[in-house]
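Morning, everyone. One structure today, and I'll keep it quick. Have a look at the screen.

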Amino acid sequence: MTQLVILNYPDARLHTIAKPIKTVNADIQRLITDMSETMYAAPGIGLAATQVDEHIQLILVDTSKEQNDLQVFINPKITAKNGLQDYEEGCLSVPGVYETVTRAENITVEALDANGKAFKLKADGLLAVCIQHEMDHLLGKVFVEYLSPLKRNRIKSKMLKHNRGITRNSY
Ligand code: K2U
Ligand code: ZN
């Protein structure tokens with residue numbers, strides 16, 4: 001298993017639109033394994049392939065307390081949603097930033113699982129928030145884009161300094 005590098009905002013690659021997966025093969029299953037290791041090590045409760053610079057429609061979610069209930073969504077589509085909920089979100093691509101975002105409270109998601117089998121899931125609460133957050137990544141959208149331009153620009157400046165620090169210390 002390999003831990004993958006997570007892209008940091010405002011890396012332009014985070015705004016790439018992910019392509020559908022045509023065949024769930026061994027390469028995809030290897031990526032799922034590597035992404036799960038990366039997510040649990042972060043630690044995080046979700047991760048999109050976009051964040052590890054793989055621009056295909058694949059997201060992982062694990063909102064369980066014991067972090068032992070990995071859910072894989074390939075080519076996910078939201079087919080129904082209702083209600084609204086506010087949640088203070090974070091993002092592994094924007095470390096140290098937590099801001100409230102409003103999203104649908106209840107969603108129905110249709111996707112393929114890690115074996116390529118189609119399934120439908122009804123989700124609410126944190127699971128619904130996390131799935132919507134990850135699916136935004138597949139559209140090239142980072143959660144800070146829901147914030148005011150003033151807040152977003154402050155976060156961008158903070159992240160540019162943070163990223164410079166990482167680059168400087170990596171030699
Ligand atoms: O996309 C990511 O960076 C993964 C997020 C998923 C997430 C964001 C907001 C709300 C729920 C899930 C990371 O797991 S951020 C870490 C985190 C963990 C628990 C609750 C909120 C944020
Ligand atoms: Zn994120």
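A definition before we start: buried means under 20% relative accessible area, exposed means over 50%, and partly exposed is in between. Keep in mind that this is a predicted model.

Take Gln-57. It sits in the loop between β1 (46-48) and β2 (58-61). Is Gln-57 buried or exposed? Its relative accessibility is 14%, so Gln-57 counts as buried. What does Gln-57 touch, leaving out residues up to four places away in sequence? The contacts include Ala-18, Lys-19, Pro-20 and Ile-21. Phe-73, Ile-74 and Leu-138 are also among them.

Now the sheet. It is open, with 5 strands in the order β1-β2-β3-β4-β5, and the pairing is antiparallel. β1 and β5 (118-124) are at the edges with a single partner strand each, so one side of each has no neighbour in the sheet. On average, neighbouring strands are turned by 30° against each other, direction ignored. Look at β1 and β2: they run antiparallel, joined by 3 bridges. Gly-46 stands opposite Val-61 in β2. Helix α1 (residues 26-41) packs on this sheet and touches β1, β2 and β3. The direction of α1 makes about 40° with that of β2.

Last stop, the metal. Which residues are the protein donors of the zinc ion, ligand 2? They are Cys-91 through SG, and His-133 and His-137 through NE2, lying 2.1 to 2.2 Å from the zinc ion. The spacing along the chain is C-x41-H-x3-H. Cys-91 is in the loop between β3 (71-89) and β4 (99-112), and His-137 is in helix α2 (residues 125-138), so this pair ties together parts 46 residues apart in sequence. Both Cys-91 and His-137 are buried.

That's my tour. Over to you.

Terms used
Residues numbered from 1 in each chain as written. Chains lettered and ligands numbered in written order. Predicted model: local features only at pLDDT ≥ 70, side-chain atom pairs only at ≥ 80, totals over all residues. Heavy atoms only, no water. Donors = N, O, S within 2.8 Å, 3.2 Å for Na, K, Ca; no water. Helix = DSSP H or I, 4+ residues; strand = E, 2+ residues; numbered from the N terminus. Buried < 20%, exposed > 50% of the residue type's maximum accessible area, 1.4 Å probe, protein only. Contact = heavy atoms within 4.5 Å. Pairing = 2+ DSSP bridges. Axes fitted to C-alpha atoms, helices over the stretch in contact; angles between N-to-C directions.
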